[in-house]
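Hi everyone, thanks for coming. Let's have the chain up on the screen, and then I'll walk you through it.

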Amino acid sequence: VPHYYEDKPEGGACAGVKEDLGACLLQSDCVLQEGKSPRQCLKEGYCKALKYSFFECKRSMLDARSRFRGRKGY
């Protein structure tokens, strides 16, 4: 196995944003106090900034300009 594959982070391009979005939803009052699922809370508008960042990161993977500018997100 070439050595440059060993340092590559697991989970894909937008894994950091996705992980933060999941943590935000699980720690929200919607899930903890109201007992709803994270999917329902996401549809109700919780964690909007992270949801938008995840959307932009996924969209940048399809954008041809990202080859030159790099992916958005972290």
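Before we start on packing, a word on terms: when I say contact, I mean heavy atoms within 4.5 Å. And please keep in mind that this is a predicted model.

Let's begin with helix α1. Its twelve residues reach 16 Å from the first C-alpha to the last, close to the 16 Å expected at 1.5 Å a residue. Which residues of α1 are buried? They are Val17, Leu21 and Leu25. These cover an arc of only 70° around the axis, which puts them on the same side of α1. That buried set packs against α2, α3 and α4.

Take Leu25 as an example. Its relative accessible area is 6%, so Leu25 is buried. Beyond its sequence neighbours within four places, Leu25 is in contact with Val31, Pro38, Cys41, Leu42, Tyr46 and Cys47.

Now for the cysteines. How many disulfides are there? The count comes to three.

One joins Cys14 to Cys57, S to S 1.9 Å. Cys14 sits in the segment before α1 and Cys57 in helix α4, so this pair ties together parts 43 residues apart in sequence.

Another joins Cys24 to Cys47. Cys24 is in helix α1, and Cys47 is in the loop between α3 and α4. Cys24 is partly exposed at 26% relative accessibility, while Cys47 counts as buried at 13%.

Then Cys30 and Cys41 form a disulfide, with sulfur atoms 2.0 Å apart. The torsion about that S-S bond is about -90°, so the disulfide is left-handed.

Numbered in sequence order, the bonded cysteines pair 1-6, 2-5, 3-4. Thanks, everyone!

Terms used
Residues numbered from 1 in each chain as written. Predicted model: local features only at pLDDT ≥ 70, side-chain atom pairs only at ≥ 80, totals over all residues. Heavy atoms only, no water. Buried < 20%, exposed > 50% of the residue type's maximum accessible area, 1.4 Å probe, protein only. Helix = DSSP H or I, 4+ residues; strand = E, 2+ residues; numbered from the N terminus. Expected span 1.5 Å × (residues − 1). Arc of directions from axis to C-beta. Disulfide = S-S within 2.5 Å.
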